[in-house]
Amino acid sequence: QVQLVESGGGLVQPGGSLRLSCAASATILGISTMGWYRQAPGKQRELVARISSGSGTKYVDSVKGRFTISSDSAKNTVYLQMNSLKPEDTAVYYCNMVIWGRDYWGQGTQVTVSS
């Protein structure tokens, strides 16, 4: 019933920036955690960044200092600002929200970093 709509992916050159957005289709109460995951071809899905009320923010080491996760609770939206992008950041990015203790996922948005 809950749909997460992602946007902001695309093709950028190394060193460029993108901002990903993920918004729930309706007003939702009880969101405890929002995060972004990514999966490159032939590789396992990994947590990129997470924000929660209890634990704050967490980033995978490879994106620290380059990516910033933020949220707008009034809009039920999570963002991922990605700067200084590298080719190894190329992947399908999925947003995730934990709502009433259950996981919900976006459909994924492609991010390609190439010259």
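## Polar contacts of arginine 38

A polar contact is a pair of N or O atoms within 3.5 Å; within protein, one atom must be able to donate a hydrogen and the other to accept it. In this predicted model, the side chains of arginine 38 and tyrosine 93 are joined by a polar contact of 2.9 Å. A polar contact of 3.4 Å joins the side chain of arginine 38 to that of serine 62.

Arginine 38 belongs to strand S4, which covers residues 31–39. Its relative accessible area is 6%. Buried means under 20%, so arginine 38 is buried.

## The disulfide

How many disulfides does a search of the whole structure find? There is 1 disulfide, and cysteine 22 and cysteine 95 form it, with their sulfur atoms 1.9 Å apart. The pair links distant parts of the chain, 73 residues apart. Cysteine 22 sits in strand S3 (residues 18–24), and cysteine 95 in strand S9 (residues 91–99). A disulfide of this kind is a covalent bond between the sulfur atoms of two cysteines.

The torsion about the S-S bond of cysteine 22 and cysteine 95 is about 40°, and the disulfide is therefore right-handed. Is cysteine 22 buried or exposed? Cysteine 22 has 0% relative accessibility, so it counts as buried. Cysteine 95 also has 0% relative accessibility and counts as buried.

## The largest pocket

The largest pocket has a volume of about 170 Å³. Its lining consists of 11 residues, and Ile31, Ser32, Met34, Ser71 and Ser73 are those that lie nearest the centre of the pocket.

Which strand gives the most to the lining of the largest pocket? Strand S4 does, with 4 residues. S4 and strand S5 (46–52) each supply at least two residues of this lining. S4 is also the strand that holds arginine 38.

By residue type, the lining of the largest pocket divides into 4 nonpolar and 7 polar residues, with no charged residues.

Key
Residues numbered from 1 in each chain as written. Predicted model: local features only at pLDDT ≥ 70, side-chain atom pairs only at ≥ 80, totals over all residues. Heavy atoms only, no water. Disulfide = S-S within 2.5 Å. Buried < 20%, exposed > 50% of the residue type's maximum accessible area, 1.4 Å probe, protein only. 1 Å grid on protein atoms, 1.4 Å probe; cavity = no way out; pocket = protein on both sides within 12 Å on 5 of 7 lines; lining within 4 Å. Points joined across faces, edges and corners; volume = space filled by probe spheres on them. Nonpolar A, V, L, I, M, F, W, Y, C, P; charged D, E, K, R; others polar.
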